[in-house]
Amino acid sequence: MAKEGKAFLKGGIGCLVMLFILAVIAVIAGGNAHIDIGGFFMLILIGGFFGLFINWIYQKGKKDG
């Protein structure tokens, strides 16, 4: 269970980091960027589920190999 928790957290944080990078690029290019609390939590959830999916694929491959 600990591996799933770490995968969820890494996916959620990774998604937020990617948003930050894209926001910085947008601001440098002359645009603007903002996020509200709902979007913050949605990004964590979406990234977390993506992290769980990637972890599932990795664990399945590790078991088969």
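Let's start with F40. Its relative accessibility is 32%, so F40 counts as partly exposed. Bear in mind that this is a predicted model. Now look at F41. F41 has a relative accessible area of 48%, so this residue is partly exposed too. To be buried, a residue must fall under 20%; to be exposed, it must go over 50%.

How many aromatic pairs does a search of the whole structure find? Three. F40 and F41 form an aromatic pair that is edge-to-face.

On to helix 2, which covers residues 37-64. What span should we expect for this helix? Its 28 residues, at 1.5 Å a residue, should span 40 Å. The end C-alpha atoms sit 41 Å apart, so the model agrees.

Which residues of helix 2 are buried? They are L43, G47, G48, G51 and N55. Take N55. Its relative accessibility is 12%, so N55 counts as buried. What does N55 touch, leaving aside residues up to four places away in sequence? The answer is K3, E4 and A7.

Now helix 1, residues 2-28. L9 lies in this helix. Is L9 buried or exposed? L9 has 56% relative accessibility, so it counts as exposed.

L9 also belongs to a nonpolar surface patch of about 990 Å².

Key: Residues are numbered from 1 along each chain as its sequence is written. This is a predicted model: local features need pLDDT of at least 70, side-chain atom pairs count only at pLDDT 80 or more; totals for chains, interfaces and linings use all residues. Side-chain values use heavy atoms; hydrogens and water are left out. Patches are made of residues with over 30% relative accessible area and no salt bridge: like charges are joined within 9 Å, nonpolar side chains (Val, Leu, Ile, Met, Phe, Trp, Tyr) within 5 Å. Accessible areas come from the Shrake-Rupley method with a 1.4 Å probe; for residues, only the protein chains shown count as cover. A salt bridge is a side-chain nitrogen of Lys or Arg within 4 Å of a carboxyl oxygen of Asp or Glu. Helices (H or I, at least four residues) and strands (E, at least two) are DSSP runs, numbered from the N terminus. Buried means under 20% relative accessible area, exposed over 50%, partly exposed in between (1.4 Å probe, protein chains only). The expected span of a helix is 1.5 Å times one less than its number of residues. Contact means heavy atoms within 4.5 Å. Rings of Phe, Tyr and Trp (its six-membered ring) pair if their centres lie within 6.5 Å; planes under 30 degrees apart count as stacked, over 60 as edge-to-face and the rest as tilted.
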